[in-house]
Amino acid sequence: MDRRRLLRVAGAGALWLGLTAHSPYRQWEIYRKTRLVVLVSAAENDSVVLGSMLATIYLQQLPASGATMARARDTNDAMRLIASRQLDVALLRGRDAYAAFAGERPYGDSGALPLRALAALGEYLFVCRDDLPAARAYMLAEALAERWRDIDPALVRRASGPRPRDPLAIPLHPGAQEYYRDHP
């Protein structure tokens, strides 16, 4: 076999391998659909610590969820991941969540984000998009409230979501609202 033919065969083989290689996006899509991924901002240490606690709680309370935590570079990236439907839930500062919900700066570049609250944890809101199934929201609220009582009883009172008269209130997800109504 001459050298040119060998190079052509090798080049064709390399091209074939490159064209048939799979994208890691498909694995990411499967991963995020089979696990509960709690999204946090890596730029906020408190968010990372609280997000890790949430992932641990969900892993203990709902082992089949395969709960884990993912860090977005900053809050703006977290908003984009939620808006693009790559992830379902996030832990955000209340003021940031409201700014995205209302379509205000610095998160309003894509318009208002249809967020719903699952729980209020201090200055943070555990949020989801409004299209999260009600049964799943109920399950998430239930697992969090049941376990959170053991961690910090003072915050359980706030776990019923933002207060209706709060000007920065994000509506409570109907599934979570049902849980909190059933378990005052």
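**A walk through the predicted fold**

Asp77 has a relative accessibility of 16% and counts as buried. The cut-off for that label is 20%, so Asp77 falls under it. The partner of Asp77 is Arg73, and the two form a salt bridge with their closest N and O atoms 2.9 Å apart. Arg73 is exposed, at 61% relative accessible area.

Step back to the whole chain. The protein has eight helices and five strands. Along the sequence they run α-α-β-α-β-α-β-α-β-β-α-α-α. The chain has 184 residues, and 40% of them are buried. Its accessible surface is about 10,600 Å². Carbon and sulfur atoms supply 54% of that surface. Now take the contacts with a sequence separation of 6 or more. Of these, 69% are between residues 24 or more positions apart.

H3 covers residues 45–61, which makes 17 residues. From first C-alpha to last, H3 reaches 24 Å, close to the 24 Å expected at 1.5 Å a residue. Its buried residues include Val48, Leu50, Leu54 and Ile57. Ser47, Gly51, Ala55 and Tyr58 are buried in H3 too.

Return to the charged pairs. The whole structure holds eight salt bridges. One of them pairs Glu123 with Arg93, at 2.1 Å from N to O. Glu123 sits in the loop between strand S4 (115–121) and strand S5 (124–129), while Arg93 belongs to strand S3 (residues 89–93), so the bridge ties together parts 30 residues apart in sequence. Glu123 is partly exposed, with a relative accessible area of 45%. Arg93 is buried, at 15%.

Another bridge links Arg129 and Asp131, with the closest N and O atoms 3.1 Å apart. Arg129 is buried at 8% relative accessibility. Asp131 is partly exposed at 37%.

Asp130 comes next. This residue lies in the loop between S5 and helix H6 (134–151). With 39% relative accessibility, Asp130 is partly exposed. What does Asp130 touch, leaving aside residues up to four places away in sequence? The list is Pro114, Arg116 and His173. The C-alpha atoms of Asp130 and Leu172 are 9.4 Å apart, although 42 residues separate the two along the chain.

The aromatic rings complete the tour. A ring pair is described by the distance of the centres and the angle of the planes. The structure has four aromatic pairs. In one, the rings of Tyr98 and Phe101 have centres 6.2 Å apart and planes at 45°, so the pair is tilted. Both residues lie in helix H5 (residues 94–102), and because they are three residues apart there, about one helical turn separates them. Phe101 is partly exposed, at 24% relative accessible area.

Tyr179 and Tyr180 make an edge-to-face pair, 5.4 Å centre to centre with 70° between the planes. Are these two tyrosines buried or exposed? Both are buried. Ring pairs also bring in Tyr138, which forms a cluster with Tyr179 and Tyr180.

Key
Residues are numbered from 1 along each chain as its sequence is written. This is a predicted model: local features need pLDDT of at least 70, side-chain atom pairs count only at pLDDT 80 or more; totals for chains, interfaces and linings use all residues. Side-chain values use heavy atoms; hydrogens and water are left out. Helices (H or I, at least four residues) and strands (E, at least two) are DSSP runs, numbered from the N terminus. Buried means under 20% relative accessible area, exposed over 50%, partly exposed in between (1.4 Å probe, protein chains only). Contact means heavy atoms within 4.5 Å. Accessible areas come from the Shrake-Rupley method with a 1.4 Å probe; for residues, only the protein chains shown count as cover. A salt bridge is a side-chain nitrogen of Lys or Arg within 4 Å of a carboxyl oxygen of Asp or Glu. The expected span of a helix is 1.5 Å times one less than its number of residues. Rings of Phe, Tyr and Trp (its six-membered ring) pair if their centres lie within 6.5 Å; planes under 30 degrees apart count as stacked, over 60 as edge-to-face and the rest as tilted.
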